[in-house]
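Biologist: Please show me the model, and then let us discuss its architecture in turn.

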Amino acid sequence: MNIKCVIIGDRSVGKTSICNRFVYNTFQALYAPTIGFDLFSKRIIKNNVEYRIVLWDLMGDQELRVSRKDYYMGAMCALLVYDVSRIGTFQHIPDWFEELKINLGKNYDIPCAVVANKQDLENKKMIDNSKGEKLAKKYNTIFWPTSAKTGQGVGEVIIELVTEVISK
Ligand SMILES: Nc1nc2c(ncn2[C@@H]2O[C@H](COP(=O)(O)OP(=O)(O)OP(=O)(O)O)[C@@H](O)[C@H]2O)c(=O)[nH]1
Ligand SMILES: [Mg+2]
């Protein structure tokens, strides 16, 4: 079974880095913006059943967003990512929920997670995790602190969502 998971959020919040950490267990400090979108996939086995998790990693640039309906079609779960060191990326999370809702139409009710990435930037942190938790609660989703750099939370949040999808 294929499980499609979309990764959305503003530019440079770490969407591609989360994918690279999950699939290859690597991290790149150099920023290379995603053009259009990228696909990452990883096989997992759960209760003796094999699943292929396919991560759809979309470019964060709002103006250049490509054929969005196709990108979201059939999404079974979503990560909405912000960067704890940039307040604007947090303020835009409601816009990303809206985008998800518009594009998924009647199928919008999928497991989602609000992901607070770059937790390792302790000195530059602008948004308390409690704020992220509050926002997630408002949208009836889970909240997850991550760092693609150290690996904190990355595998856990994806597996948590996938487990929700499987048990649905
Ligand atoms: N310190 C730190 N830096 C990170 C982390 N995650 C990503 N970065 C850095 O942030 C920059 C942007 O990361 P990307 O993964 O390319 O961000 P993106 O969300 O895919 O960006 P777009 O493709 O432009 O939408 C890169 O320089 C990464 O190395 C993290 O957890 N901690
Ligand atoms: Mg990217």
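Predicted model: local features only at pLDDT ≥ 70, side-chain atom pairs only at ≥ 80, totals over all residues.

Modeller: Residues are numbered from 1 along each chain as its sequence is written, and chains are lettered from A and ligands numbered from 1 in the order in which they are written.

Biologist: What is the order of the six strands in the open sheet?

Modeller: Strands (E, at least two residues) and helices (H or I, at least four) are DSSP runs numbered from the N terminus, and two strands pair if DSSP finds at least two bridges between them. Strand 2 (37-46) and strand 6 (142-145) each have a single partner strand, so they stand at the edges. The pairing is mixed, and the order is 2-3-1-4-5-6.

Biologist: In which sense do strand 2 and strand 3 pair?

Modeller: Phe37 stands opposite Leu58 of strand 3. Ten bridges join strand 2 to strand 3 (residues 49-58), and the sense is antiparallel.

Biologist: Which hand has the crossover from strand 5 to strand 6?

Modeller: Strand 5 and strand 6 pair in the parallel sense over four bridges, and Val114 has Phe143 as its bridge partner in strand 6. A crossover is right-handed if, with the strands pointing away from the viewer, the path from the first strand over the helix to the second runs clockwise. Here the chain passes through helix 5 (residues 129-138), and this β-α-β crossover is right-handed.

Biologist: Are helix 1 and helix 6 roughly parallel or roughly perpendicular to each other?

Modeller: Axes are lines fitted to C-alpha atoms, for helices over the stretch in contact, with angles from 0 to 180 degrees between N-to-C directions. The two axes come within 9 Å and cross at roughly 85°. Angles of 65 to 115 degrees count as roughly perpendicular, and helix 1 and helix 6 are therefore roughly perpendicular.

Biologist: Which helix gives the most to the shell around ligand 1?

Modeller: Ligand 1 is surrounded by 21 residues, and the closest include Gly14, Thr16 and Ser17; a residue is near a molecule if its C-beta atom, placed from the backbone, lies within 6 Å of it. With three residues, the helix that gives the most to this shell is helix 1 (residues 15-24).

How values were computed. Parallel < 35°, antiparallel > 145°, perpendicular 65-115°, else oblique.
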